[in-house]
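Here is a guided look at a single-chain model, written for someone who likes to know the cut-offs behind each term. Please keep the viewer open as you read.

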Amino acid sequence: MPGKDDDDGVVSFLVRHVWLGMRAAIEDELDGFGLTVPQFATLLMLDHLPGMSIAEVARACGSTRQAANEMAAGLQARGLVERSPHPTDRRAHQLSATEAGREMLRKAQPAVRRREEELEAGLSPELRAAGREWMLQMAAACVLQEKG
């Protein structure tokens, strides 16, 4: 990993390195809820965007459709999500969080937030805000590039 004085660091590599470290820390928190990071992310997305397809979940989680389908099947077996026919694509299904899934999310979110706050403890409020703003702007730029 490049050091902090290394001006040749590749930003996408640095972001991936941070994500892998955060993912490991978050996985530890989610173990107590019987959730994986992709399962938690799916419940979070479905809470905001109910009716996502497996393909949409796969893209959002950065996984294959098969992996997303298996993950969703695990959530469905636990009664945390349900599938329903897609209104315009007879081959696809929509996913929605059940009340049990939304309750699981409400229980797990504080643990994830607490762990993130622990990781950010040494950062100033200004640096935290700048980091979040940078991520939001980069995510928007990537979406625009995909559509462009």
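## Ground rules

This is a predicted model, in which local features need pLDDT of at least 70 and side-chain atom pairs count only at pLDDT 80 or more, while totals for chains, interfaces and linings use all residues. Residues are numbered from 1 along each chain as its sequence is written, and side-chain values use heavy atoms, with hydrogens and water left out.

## Overall fold

The chain holds six helices and three strands. Helices (H or I, at least four residues) and strands (E, at least two) are DSSP runs, numbered from the N terminus. In sequence order the pattern reads α-α-β-α-α-β-β-α-α. Contact means heavy atoms within 4.5 Å. Among contacts in the chain with a separation of 6 or more, 46% are accounted for by residues 24 or more positions apart.

In soluble globular proteins, nonpolar side chains tend to be buried together. Here the largest nonpolar core has 24 residues, and those with the most contacts inside it are L30, L35, F40, L43 and V57. At least two residues of this core come from each of α1 (11-31), α2 (37-48), α3 (54-61), α4 (65-77), β3 (93-97) and α5 (99-119). Helix α2 gives the most, with five residues. The term covers a set of buried Ala, Val, Leu, Ile, Met, Phe, Trp, Tyr and Cys residues joined through side-chain atoms within 4.5 Å.

Which residues does L30 contact, leaving aside its neighbours within four places in sequence? They are L35, T36, V37, F40, A108 and V112.

T42 sits in helix α2. With a relative accessibility of 1%, T42 counts as buried. Not counting residues up to four places away in sequence, T42 touches V57, C61, M71 and L75.

T98 lies in the loop between β3 and α5. T98 is also buried, at a relative accessible area of 15%. Its side chain reaches the backbone oxygen of G79 at 2.5 Å. Such a polar contact is a pair of N or O atoms within 3.5 Å; within protein, one must be able to donate a hydrogen and the other to accept it, and residues adjacent in sequence count only if both atoms are side-chain atoms. Beyond four places in sequence, T98 touches G79, L80, V81 and E82.

## The largest pocket

Rolling a probe the size of a water molecule over the atoms shows where empty space is left. The largest pocket has a volume of about 2600 Å³. Of the 43 residues that line this pocket, V15, W19, M22, M135 and A139 are the closest to its centre. On a 1 Å grid over the protein atoms alone, a pocket is an open set of points where a 1.4 Å probe fits, with protein on both sides within 12 Å along at least five of seven lines, and lining residues have an atom within 4 Å of a point. Grid points are joined across faces, edges and corners, and a volume is the space filled by probe spheres set on the points.

Helices α1, α2, α3, α4, α5 and α6 (125-147) each supply at least two residues of the lining. Which helix provides the largest share? That is α6, with twelve residues. By class, the lining has 29 nonpolar, three polar and eleven charged residues. Ala, Val, Leu, Ile, Met, Phe, Trp, Tyr, Cys and Pro count as nonpolar, Asp, Glu, Lys and Arg as charged, and the others, Gly among them, as polar.

## The second largest pocket

About 240 Å³ of space lies in the second largest pocket. Its lining is made of S53, I54, A55, R65, N69, R83, H86, D89, R91, A92 and H93, and the elements that give two or more residues to it are α3 and α4. This lining has three nonpolar, four polar and four charged residues.

One of the lining residues is A92, found in the loop between β2 (81-85) and β3. At 17% relative accessibility, A92 counts as buried. Setting aside neighbours within four places in sequence, A92 is in contact with P85 and H86. A92 and R128 are 36 residues apart in sequence and 39 Å apart in space, C-alpha to C-alpha.

## An exposed leucine

Is L136 buried or exposed? L136 counts as exposed, at 58% relative accessibility, and its place is in helix α6. L136 and E29 are 107 residues apart along the chain, with 24 Å between their C-alpha atoms.

Technical notes
Buried < 20%, exposed > 50% of the residue type's maximum accessible area, 1.4 Å probe, protein only.
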